Each structure stands twice: as C-alpha cells, then as structure tokens.
Amino acid sequence: MFSWDTPAVVVDGDRLERNIREMAELAANHGKRLRPMFKTHKSLEIAARQAAAGAVGFLAAKLGEAEVLAAAGFTDVTLAYPLLGEAKYQRLQALVETAGARVTLSFDSREPGQRLGGWLAERGHCLPFLVIVEVGLGRLGVTAGRPAAELAASLQAEPGLEFVGFASHSGHAYGASSPQALAEIARREAGLMAETVAAARALGLVPKTVAVGSTPTVRYSALLEGITELRPGNYVFNDFTQVALGVVPEEDCALTIRATVLSRPATDRAVIDAGSKTLSSDLGPHSSPLIKGYGRIIGHPGAVIERVSEEVGIVRLPVDSPLAPGDVITIIPNHSCSVANLHDRLLMVREGRSDGELTVAARGRVR
C-alpha cells in the first residue's frame, strides 16, 4: 500500500477515467460536441484523456492556458473571456502564427471586439468569435435575444472577426437547492439561447455554435434541443459542491486530499496539516449555501473543518470522535478547481497504490 506524506492531493485514476468516459458518452449520445473547460485541472495528461474520449477542443479561461495547450498540440481552443490590451493581442498573434492554434474569441460588448478586430485585420487575420449571453449568473454576458443578436451583427462587420455563435455559463446553478432547480435553470438557459438564435437569424446571421457550460446543469442541457456544444469542467474531478447539489455521489469524486491529524488539543477540536494552501479557502463556487466548512471529511460524521490558516486546518469534532494525532484523514474539497491550481503535481493512485503523478502544467497561468 502507498505510504502517505501529507498533505497530499490525490487523484483516483479509475474514477477520473470513468468521469471522462461518461461525460463523453453523454455528449455523443445526444449529438452534442464536448469542449471541456481546461482550468479545472490544467493538466496536459488529463487533456489528452479527454481528447482521446472525444473532446473536440478545449475552453480556456486565460491566454496562458491556451498557450500551454497549443504548445502541447491541443490547438482548437476557445477563450472564455474578452481580451483587452496590446500585450494580450501580441500573445494572441503568436498563438495563432507560431503555435498554429485555431482560436475562437468571446465578447459581450462592442468596444473590446472593435479594438481587437481592427488590430487583427491590420495583421491579416480574421478570427471566429462567440457572443457571451447572460442567462442568470450576473457576470459576463449581454442580454439575451435581440441585444445579443445586434452585438453579434455589429462585431461581424469588423474585418478581423467572423461570427460563429453564442455561448453562456449558468454558474448560478451552484446556488441551487435541488436537482429540480438545476433542471429548471438548464431549461431557462436553453430557452434564452433559442430566443437569441432566433433574433440572430432575423438579422441574417447563421449561428453555428450554441454553447453552454456548467457541470451541475450539463446532464440536463445535453437533453435539450438547440444546444450544439457542452462546456463543463469540474466533472473530471467533481467535489463536495457537486455532492451537496445532488449531481454525483461521493464515490464519483476523483480528487481528494490526504491530511494528518497533528493535534487534539481539546475534546471537541483537532488540528490537521492541511490549510488554505492545500484546501483553498473556497466555500464552494459562488458560496453555495449547502456547504459547511472547508471540505468534507470522509468517514467522520459531525467533523467540520471550521477554520483554515495557511498551513493548518481546525476541525470541530464530536467529543466522542476517535481521531487522534497521527491519523490520516481523507477530505473531499469544496472546489476541486481551486485545489488543483494550488499544486504543481497531483498524485495518481489506483486501488490505493501509487500510479505516478499528474503535472499541473498551467498552474498559475492567470494572465
């Protein structure tokens, strides 16, 4: 058996592969393209497994992620957010010209699109773009329907841009309280996207891509008409947020954290060697009301990681808890994406035995 040196971030290889396979099958069985969000794992080894299972390309949060992907041969990349600034434009140019990447841009307002479109045209490039549609999260996104269609038409007029479709992210699903609520969010998202597509067609535009992305809603979105592309990310690992939402059981969580109990200074308190630099200080995406503490400790009902400092976590315990110094516990993190980005390498295991390491190649690529 593997001897743990803690804290350790561990990926169960069998669970990882099952999660990748099942999502690929879901997309294929319902005629949808699968474009996973790379920022969840930032690992080229995992990206290779997703591509082998049928992913058509990747969604990148930042140019830095796209650069890592393209350098490894994953050249079909969509950028999830708008680009602004000369420094980023030059990196985009290198990504296209030197790395040979096929980059799709995303915009939700006119000025950034005009700036970049003009810059690209001066250099002889014309890149495809998506318009980001607001579907309830209240983050990026132009109003669905005619406003989104009119933005698409105005940017299509730019010589350096080619309109290909619309994209949305129903991240507010992380605040849902039941599977029924998740299904309703997915239906509303699809309805708003359908309204937007109809408005675009009325203006003479032909959207080829209608992309949605959210692990909590993807199993419902896959069933809906009008959606062409699914863009979930968290599904490869899952985490306690997905468990709390009822999306998956604990057994589908591929990424966990091993930590050692350092001290039991009081009957109702223990201190572990995993703090915010291991667990993150994330209480779940968009602070889910279903989350208590900084991760779920498996096999110890009533134990709650109430506080984290940088290097240690403070666990509130039932007074009859058997935990003692030296015990190694397993934690399902609240948000696996945040945890992966905190570490250079993830330990791979199968049936409790070491199976190598996964390199987090795009760790820290936040520009």
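**Close-up 1. Ala362 is a buried residue, with a relative accessible area of 0%.** The model shown here and in the other views is predicted. Ala362 lies in the segment that follows strand S18 (353-359). Its contacts, leaving aside residues up to four places away in sequence, are Phe38, Lys42, Glu65, Val68 and Asn341.

**Close-up 2. Helices H3 (residues 63-71) and H4 (residues 86-97) pack at about 15°.** Their axes are 11 Å apart. The angle is under 35 degrees, so H3 counts as roughly parallel to H4. The crossing of this pair is left-handed. On the H3 side, the contact uses Leu63, Gly64, Ala66, Glu67 and Ala70. On the H4 side, Lys88, Arg91, Leu92 and Leu95 take part. Sorted by class, the H3 contact with H4 has 5 nonpolar, 1 polar and 3 charged residues.

**Close-up 3. Helix H5 (residues 110-122) packs against helix H6 (146-156).** The angle between H5 and H6 is about 20°, and their axes are 10 Å apart. That angle makes H5 roughly parallel to H6. Here the crossing is right-handed. H5 contributes Arg110, Gly113 and Gln114 to the contact. H6 contributes Leu151, Ser154 and Leu155. By class, the contact of H5 with H6 has 2 nonpolar, 3 polar and 1 charged residues.

**Close-up 4. Helix H6 crosses helix H7 at roughly 45°.** The axes of H6 and H7 come within 8 Å. This angle makes H6 oblique to H7. The crossing is right-handed. Arg146, Ala148 and Ala149 of H6 meet Thr196, Ala199 and Ala200 of H7. The contact of H6 with H7 has 4 nonpolar, 1 polar and 1 charged residues by class.

**Close-up 5. Helix H7 (residues 179-202) and its cover.** H7 has 24 residues, which at 1.5 Å a residue should span 34 Å. The C-alpha atoms at its ends are 35 Å apart, in agreement with that figure. The buried residues of H7 are Leu182, Ala183, Ile185, Ala186, Glu189, Ala190, Leu192, Met193, Thr196, Val197, Ala199 and Ala200. An α-helix has 3.6 residues a turn, so residues three or four places apart point the same way. Helices H6 (146-156), H8 (218-221) and H9 (240-245) are among the elements covering the buried residues of H7. Strands S6 (127-134), S8 (161-169) and S9 (209-213) are also part of that cover. Just after H7, Gly204 adopts a positive phi of about 90°.

**Close-up 6. Helix H1 (residues 13-29) and its cover.** At 1.5 Å a residue, the 17 residues of H1 should span 24 Å. The end C-alpha atoms of H1 are 24 Å apart, which agrees. Gly13, Leu16, Asn19, Ile20, Met23, Ala24, Leu26 and Ala27 are the buried residues of H1. What covers them includes helix H2 (44-53) and helix H8. Strands S1 (8-12), S2 (33-34), S10 (229-230) and S17 (345-350) also belong to this cover.

Definitions and conventions: Residues are numbered from 1 along each chain as its sequence is written. This is a predicted model: local features need pLDDT of at least 70, side-chain atom pairs count only at pLDDT 80 or more; totals for chains, interfaces and linings use all residues. Side-chain values use heavy atoms; hydrogens and water are left out. Axes are lines fitted to C-alpha atoms, for helices over the stretch in contact, and angles run from 0 to 180 degrees between N-to-C directions. Helices (H or I, at least four residues) and strands (E, at least two) are DSSP runs, numbered from the N terminus. Angles under 35 degrees count as roughly parallel, over 145 as roughly antiparallel, 65 to 115 as roughly perpendicular and the rest as oblique. A crossing is left-handed if the near helix is turned anticlockwise from the far one by less than a right angle, and right-handed if clockwise. Contact means heavy atoms within 4.5 Å. Ala, Val, Leu, Ile, Met, Phe, Trp, Tyr, Cys and Pro count as nonpolar, Asp, Glu, Lys and Arg as charged, and the others, Gly among them, as polar. The expected span of a helix is 1.5 Å times one less than its number of residues. Buried means under 20% relative accessible area, exposed over 50%, partly exposed in between (1.4 Å probe, protein chains only).
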